[in-house]
Amino acid sequence: MFFWGAATSAHQVEGENKNDWSEWEKKNAAQLAEKAKQNPPKGGWPVYISVGIASPLNPENYISGAACDHYNRYEEDFEMAKSLGHNAHRFSIEWSRIEPEQGKFDEQEIEHYRNVVKALRARGIEPFVTLWHWPLPLWAARMGGWKKRRMAKYFARYAEHIIRALRNEVTYWITLNEPEIYAKNSYLTGKCPPQKHSILAYFKTLRNLARGHRYAYRIIKKTNQNAMVGIAKNNIYFDASPKNIIDRTLKSIADRWWNRHFLDKIKDTQDFIGLNFYFRNRIHYGFGKEENRTVSDTGWELYPEGIYHVLKDLARYRLPIIVTENGIADARDAHRAQFIKETIGHLLRAKKEGVDVRGYLHWALLDNFEWAKGFWPRFGLIEMNYRTMERRIRKSAHEYARLIAELKDI
Ligand code: BGC
């Protein structure tokens, strides 16, 4: 059975989380809104983006607050996913809810996530559970977060609590979401908390994340041998002309470093690879030259074909692959349906050529809190009205549903 569905993460949809991100948001909201005012994109902020709460010019946009109130409305959201033909759903457990104080575990919150899993199962939807999708409990952040070696042990202890509680209900576990993006944004470019610029901390963070994954992997497999464990890895299609030796060399360095380094570090502790695919990077005597194609609301080039190349490259690991994220910010829903259709076409081409792809989970089920950009980028199959919390299924979501129905038995 091929897995079709969508994904979310706790901090981006639940609402009322208290962690290092929620604290950072409060301190930075005004400044982020000011920056958006001072540096609008080329041509200015489009009208369809720059009104209401979720406007980049409004400080409220940058505070996750009630988010989508998914913490209370998950049944309603899963009902919509089911009506769209989804048979799989990826979500994350919020560490700061489970362990708000170091070593103190909140049983009620564990029960909450048990109910979330039950709600999925009751609708015939396979849960894909992410243990960590970026925010840290405040105590862990105060201790220095992932750049400290001991964080790997703390993560493993948290993971153990969850796994014991859900071992019979969950088969697919994603220990970490995009460790390489996290390490880069938090410790190199300083875009996200704790906003550091330190190469040393960057490398330490990557090493400790890999350690944390390995510990968690062993715990999960000890508790349930049949569990399938992986990470969600952001891989980029580095596109270079094979004729040019400089470009080819740059591509090979980039592939090794960005796409494979972390996967190689954990290669004996993975049962599947979760692929988050968003970017092509065209190499032409340097990195990052794009061809000025159609872009999404966040300015990202739309290049569905990239997924084919990335999948083909991942085949080297001889593991099943699940696409755990792929999507675009598209407030008007102008490109999403076509983008999904083409992406799936390229995925199927890779599958036909022997790549063991077993699922496609679109990012995201709902519009949500897009980290430092706030609410304005609209990634959802379902549109959110953040004032009323009303949900409306987008046209592209229905088209995706039709595609799922057509392809059900691939
Ligand atoms: C992250 C998501 C994020 C998405 C779109 C991925 O890097 O895992 O949390 O919302 O990209 O930017």
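Reader: Which residues does W95 touch, not counting residues up to four places away in sequence?
Author: W95 touches W132, L136, P137, W139, W146, M151, Y154, F155 and Y158, where contact means heavy atoms within 4.5 Å. This is a predicted model, in which local features need pLDDT of at least 70, side-chain atom pairs count only at pLDDT 80 or more, and totals for chains, interfaces and linings use all residues. Residues are numbered from 1 along each chain as its sequence is written, and side-chain values use heavy atoms, leaving out hydrogens and water.

Reader: What makes a set of residues a nonpolar core?
Author: The members are buried Ala, Val, Leu, Ile, Met, Phe, Trp, Tyr and Cys residues joined through side-chain atoms within 4.5 Å. The largest such core here has 119 residues, and W95, W132, W146 and W173 have the most contacts inside it. Another core, of 10 residues, lies apart from it and includes F128 and L361.

Reader: Why is W257 called partly exposed?
Author: Buried means under 20% relative accessible area, exposed over 50%, and partly exposed in between (1.4 Å probe, protein chains only). W257 has 33% relative accessibility, so it counts as partly exposed.

Reader: Why is C68 called buried?
Author: Its relative accessibility is 0%, therefore C68 counts as buried. C192 is buried too, because its relative accessible area is 8%.
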